[in-house]
Amino acid sequence: MPSKPHQMPPERIPFDCEKEYISLDGQLNRLTLYFGGLKQYDRLAVALPAGEGLVSKDGWLPQVRETEKNETLCL
């Protein structure tokens, strides 16, 4: 899954892909693109460490929690 600079607005990404924006402690941290079967939404934003997320369509993300190894899981 390629990662691009998070300053790139979605309008400038010419691919049919999901654009996942991740915020860590209130600072935009990463943009990850998901293609093909990995694409579930057009755009989504995840705020860490709270584990809260918003999607551009189809409602809210599932609740997210941290594992013992500080990995993030969707429930």
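This report covers the fold elements, surface and salt bridges of a predicted model.

## Basis of the values

The model is predicted, so local features need pLDDT of at least 70 and side-chain atom pairs count only at pLDDT 80 or more, while totals for chains, interfaces and linings use all residues. Residues are numbered from 1 along each chain as its sequence is written, and side-chain values use heavy atoms, with hydrogens and water left out.

## Chain overview

The chain has zero helices and seven strands, in the order β-β-β-β-β-β-β from the N terminus. Helices (H or I, at least four residues) and strands (E, at least two) are DSSP runs, numbered from the N terminus.

Of the 75 residues, 29% count as buried; buried means under 20% relative accessible area, exposed over 50%, and partly exposed in between (1.4 Å probe, protein chains only). The accessible surface of the chain is about 5,400 Å², and 52% of that belongs to carbon and sulfur atoms. These areas come from the Shrake-Rupley method with a 1.4 Å probe; for residues, only the protein chains shown count as cover. Among contacts (heavy atoms within 4.5 Å) with a separation of 6 or more, residues 24 or more positions apart account for 28%.

Side chains of opposite charge can pair when their charged atoms come close. The count here is three salt bridges, each defined as a side-chain nitrogen of Lys or Arg within 4 Å of a carboxyl oxygen of Asp or Glu.

One of them joins K39 to D16, with the closest N and O atoms 2.5 Å apart. This pair links distant parts of the chain, 23 residues apart: K39 lies in the loop between strand 3 (27-34) and strand 4 (43-48), and D16 in the loop between strand 1 (3-4) and strand 2 (18-24). K39 is partly exposed, with a relative accessible area of 29%, whereas D16 is exposed at 59%.

K19 forms a salt bridge with D42, the closest N and O atoms being 3.3 Å apart. Here too distant parts of the chain are linked, with K19 in strand 2 and D42 in the loop between strand 3 and strand 4, 23 residues apart. K19 is buried at 6% relative accessibility, while D42 is partly exposed at 27%.

D42 also meets R43 in a salt bridge, at 3.6 Å from N to O. R43 is partly exposed, at 34% relative accessibility. Through shared partners, the salt bridges join K19, D42 and R43 into one network.
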